[in-house]
Amino acid sequence: MRDLNGADPRQFGPYRALAVLRGAGTTRSYLARGGDGRTVTVTAAEPRLAAVSVFRSRFRQEVAAAARLAGPWALPVLDSAPDDPVPWFASPFTPSLSLAEAVALAGPLPEPAVRVLGAALAETLERTRTAAGGAFQGLGPEVVLLAADGPRISAFGPLGAATAAAEGPGGGLAVTLGYLTPEQVAGHRPGPPADVFVLGTLLAYAATGTNPFDVNDAGTDPLDADHAGTDHAGTDHADANHAGVRPVAGDVSRSAARHRAAERIAHQEPDLASVPEELRPVLARCLAKDPAQRPEPSVLAAVLAPSGAAAAMSAGWLPARLTAALAEQASAVLGLEARKDREEATPAVPATPTVPDASPAAATGASPASEAGTAGERGTAPARPTTRRVANLDRRALLTGVLSGAAGLALGGGVTAWATDDRSRPAAAKKPAARKPHEPVPGVPPAALWAYDMPDTMLFGSPALHGDVLLVPGDSLVALDVRTGRELWRRREPLDLAAHPLRVDDELLVVLGVQGLLWRSVKNGARRHKVPYEQLLEAGEDMHSPELVARDGAVVWFRGNVEKAAGTGTKTDGTDEKTRTLFAYDVVRREPLWRRPLAENEYVAWAAPHRDLLVSWRDAPRPKDKKERKKRPEGLQEFFALDRASGREVWARTIGGLTDTALLALSGTGTLYASQDKELRAYELLTGRELWRNPHKSPYGACGWPVLTEDTLYVADSGTTVYALDPVSGRQQWSRGTGFLDGTGAPPSVAVSPSGATALSFDAVQVTAFATANGERLWKFQAVGEQDGGGLEPYELLTVDGICVVRYGRYFYGVPVE
């Protein structure tokens, strides 16, 4: 931490800068204080880069990714201004040291601290794939911070983790990024496994103080002085995710040494001799050359800290020298705040930070935005300095990534690279050589088409998809365009919360609300008709807690607690009488069909229309004979069928000893599929005859809800394995794990895309996509969720042609799916 100098901005929006905390390749972190007295860390772009439009674009993307992150190990974004003359974002201040500062101050970290650090970073990688849109590329010794209560990630993408950057020709940006990986050396786009390789390198550095690939053999020249110790790793090939960053060849005189450095990363085994013995196997797996051999972040986190990073962390997880340094930093900040409080009467510095005179915009007196636009219109590049400053970093940092200038070899993922803005490229510039499109990276989730947050609405009931309209129930009923996530309309009925929206036809939908049935326009949500529940009840009755049971065509079945008014139907103990009642209603003709009081053993928690019947189950009658009662399975259920036209009971029977723990699905042909006792069974509904039992019993515990398509039956178990079975024979077609180590103890649910090409499992951890043809795991999606929420929430998922809508808490995402 140092005092401000004349080149440092004094104000960032509402935050007044107090001191400089540390610098990185493209940003500088300031200690600042808001008008409300809160002390924050403001991460601001280097002013010399602020006028480069490509940098601004990428900075904006990474701030947006940071704002979507959640969890204890990522710095939350309190405020941001990516469009200010010097773009910035603010996070809560916590006394901390970067990993590079910590190693330089106290040497390598002890093994317990390395385990906590690795588990925390792996947990964060597991949850950042959605926000990053693929590989995270935000790790490095300068941006991983160590605090008394655990580590933090302070960068949220390749630019934030860059170790050096300078303005390039044509309004571009020369960027030197984090760590290089073997797949980048080979010219491939980095996917999520690249983050695991970088994490392995980072942990080896934390445990030894050196890079495991930084080996200067007798026949190998060390890197030249100008680049000694810099971490040159690559950017990706030019695409939207990387804001047009393009690799180029470096200085020919240095290319041979750089090429040897990259060769070590691509082909040489890492030097882990100084790593603690118990850590070597797991770090060796992280540093595998083949990305497919590296562990999933969730598995890595569980190996390093089986009880989780938070549980493994103690108050003294850091060495005493680092704890003392954090205490000194906290004391210095308190002293600085007190000094600034005494200087409050000093005239304020202008709020808008200025771009130094070295920038092209300052040279002409124009703003960065106007200068970039003018240059693009003229088709000429803005002027740039004739010299570049090279970062002088510690020798223990990772080796410089390289480009072979003499051979014209561009190492994929770039190392030192020029980022150019197409608008600023000279008109006569030669077009780059055509490249083959990148193949999809296995395991990389598709970028969400849209995200929607409902912070002011209490959600309950069941969201529903009707064509291209997503209906979200709660204290307001909200309709979203499922293709864009745009809110079409929002309607709130005073004292009548919406719970179960149902599409009636192309123009109307009906809502099962608190006070009655409401018909609304699909187009704008306007109310067209209402039937209060009083019209379905007798005099003196009232109904509470209506819940949808089933729907088939125009008929809906719902149940509610019917209560007689005080004094008209009290029990012998003086309490009001409440009766669970099942209703059948025609929503097209708007008329009740029948009502049926339910006995105490009839919950109708599960019901399915089948031909002219409504099938459900209830507690089986208690046998009178004591011996028979002992033989009966605990929780045995009796299936019963009601005539859908009258509500009259048609038949009742137990089937195969199924109990209330079974999860059921009924096919249109009358086959009942049941998950019971770690296995899947099939029965003929009308006779109760067993058709088959799946010979493969799950070794992990209970199976979840079975899901049936035309030719396949899907189910998942509590070991997070998904099975595809032949519905006729029960023969297993394939099985595949979701890639999560332990799951949440409950089996995931399963859905199938409308095309039938993709099966999707979802639980409280993630959504995982599988190819239905062979069970290949395609990708997994994790939402960020509440910033300050506790625990995990179950995912919900709905599918429509080409899109699956993922709900996590109050957040909704539109994710493309085949």
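Proline 592 lies in strand 26, where helices (H or I, at least four residues) and strands (E, at least two) are DSSP runs, numbered from the N terminus. The structure is a predicted model, in which local features need pLDDT of at least 70, side-chain atom pairs count only at pLDDT 80 or more, and totals for chains, interfaces and linings use all residues. Residues are numbered from 1 along each chain as its sequence is written, and side-chain values use heavy atoms, with hydrogens and water left out.

Proline 592 counts as partly exposed because its relative accessibility is 49%; buried means under 20% relative accessible area, exposed over 50%, and partly exposed in between (1.4 Å probe, protein chains only). Leaving aside residues up to four places away in sequence, proline 592 touches Leu536, Ala584 and Tyr585, a contact being heavy atoms within 4.5 Å. Valine 555 is 37 residues from proline 592 in sequence, and their C-alpha atoms are 9.4 Å apart.

## The strands around it

Strand 26 (residues 591-597) pairs with strand 25 in the antiparallel sense over 6 bridges; two strands pair if DSSP finds at least two bridges between them. Aspartate 586 has glutamate 591 of strand 26 as its bridge partner. The hairpin of these two strands has 4 residues between them, and arginine 590 takes a positive phi near 60° there.

Strand 25 (residues 578-586) also pairs with strand 24 (residues 555-564), again antiparallel, over 9 bridges.

## Helix 10

Buried residues of helix 10 include Leu322, Leu326, Gln329, Val333 and Leu336. Among the elements that cover the buried residues are strand 2 (15-23), strand 3 (27-34) and helix 2 (99-106).

## The largest cavity

How much space lies in the largest cavity? About 360 Å³. Of the 30 residues that line it, Ser29, Thr43, Phe89, Ser154 and Ala155 are the closest to its centre. On a 1 Å grid over the protein atoms alone, a cavity is a set of points where a 1.4 Å probe fits but cannot get out, and lining residues have an atom within 4 Å of a point. Grid points are joined across faces, edges and corners, and a volume is the space filled by probe spheres set on the points.

Helix 1 gives the most to this lining, with 4 residues.

Conventions. On a 1 Å grid over the protein atoms alone, a cavity is a set of points where a 1.4 Å probe fits but cannot get out, and a pocket is an open set with protein on both sides within 12 Å along at least five of seven lines; lining residues have an atom within 4 Å of a point.
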